Amino acid sequence: MAAEAKGPAGSLEWLEVDPAAATAPYEQIRTQIATAVHSGRLPAGTKLPAVRALASSLSLAVNTVARAYRELEHAEVVTTRSRAGTVVAPGTDRGSRQLAQAAAVYADVVRGQGATIDEAVALLKAALERDGYNPRVPPDKLEEAGE
């Protein structure tokens, strides 16, 4: 059965639980969401459906979905903020991981050269702006925006 629960960031219609599978339903949910997060399909900040809504759409017990969410939270894939809901944690999607890795490499070079933080930020800003980078316009839309 597939989930049809909708959240502000979209839906999880691709999420399926096979009741006949040897893997427990909570583990199927946990694995599919973790895979979607790590592949970038669910980017950081994506709000997941409420536990009750997802359980209802999958015809599962609330505790089954709650356990999957708890396991994801323990693995720091998602964060839960009581009334604000469960969202994909920052730094868990592929894009965020790549940026964090590149930043770590750059920070090592900056430290190795003895540059100040202000110098490092100025150099990074200049490098980004050199090719007309505009953080408010996605790179694939620069031509359409006249940038």
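**Salt bridges in a predicted model**

Mentor: Start here: arginine 111 and aspartate 108 join their side chains in a salt bridge, 2.7 Å from N to O. Keep in mind that this is a predicted model.

Trainee: How far apart are arginine 111 and aspartate 108 in helix H4?

Mentor: Three residues, in a helix that covers residues 94-113. That puts about one helical turn between them.

Trainee: Is arginine 111 buried or exposed?

Mentor: Exposed, because its relative accessible area is 59% and the cut-off for exposed is over 50%. Aspartate 108 has 47% relative accessibility, so it counts as partly exposed.

Trainee: How many salt bridges does the count come to?

Mentor: Four.

Trainee: Let's move to helix H1. Which side chain meets arginine 30 in a salt bridge?

Mentor: Glutamate 27, with an N to O distance of 2.6 Å. Both residues sit in helix H1, residues 25-39. They are three residues apart, about one turn of the helix.

Trainee: And what does arginine 30 count as, at 23% relative accessibility?

Mentor: Partly exposed.

Trainee: Now helix H3. Which side chains are arginine 67 and glutamate 71 to each other: what do they meet in?

Mentor: A salt bridge, at 3.5 Å from N to O. Helix H3 spans residues 62-74 and holds both of them. Here the spacing is four residues, about one turn of the helix.

Trainee: Why do such side chains pair at all?

Mentor: Opposite charges can pair when the charged atoms come close.

Trainee: Back to accessibility. What about glutamate 71?

Mentor: Glutamate 71 is partly exposed, at 31% relative accessible area. Arginine 67 is partly exposed too, at 35% relative accessibility.

Key
Residues numbered from 1 in each chain as written. Predicted model: local features only at pLDDT ≥ 70, side-chain atom pairs only at ≥ 80, totals over all residues. Heavy atoms only, no water. Helix = DSSP H or I, 4+ residues; strand = E, 2+ residues; numbered from the N terminus. Buried < 20%, exposed > 50% of the residue type's maximum accessible area, 1.4 Å probe, protein only.
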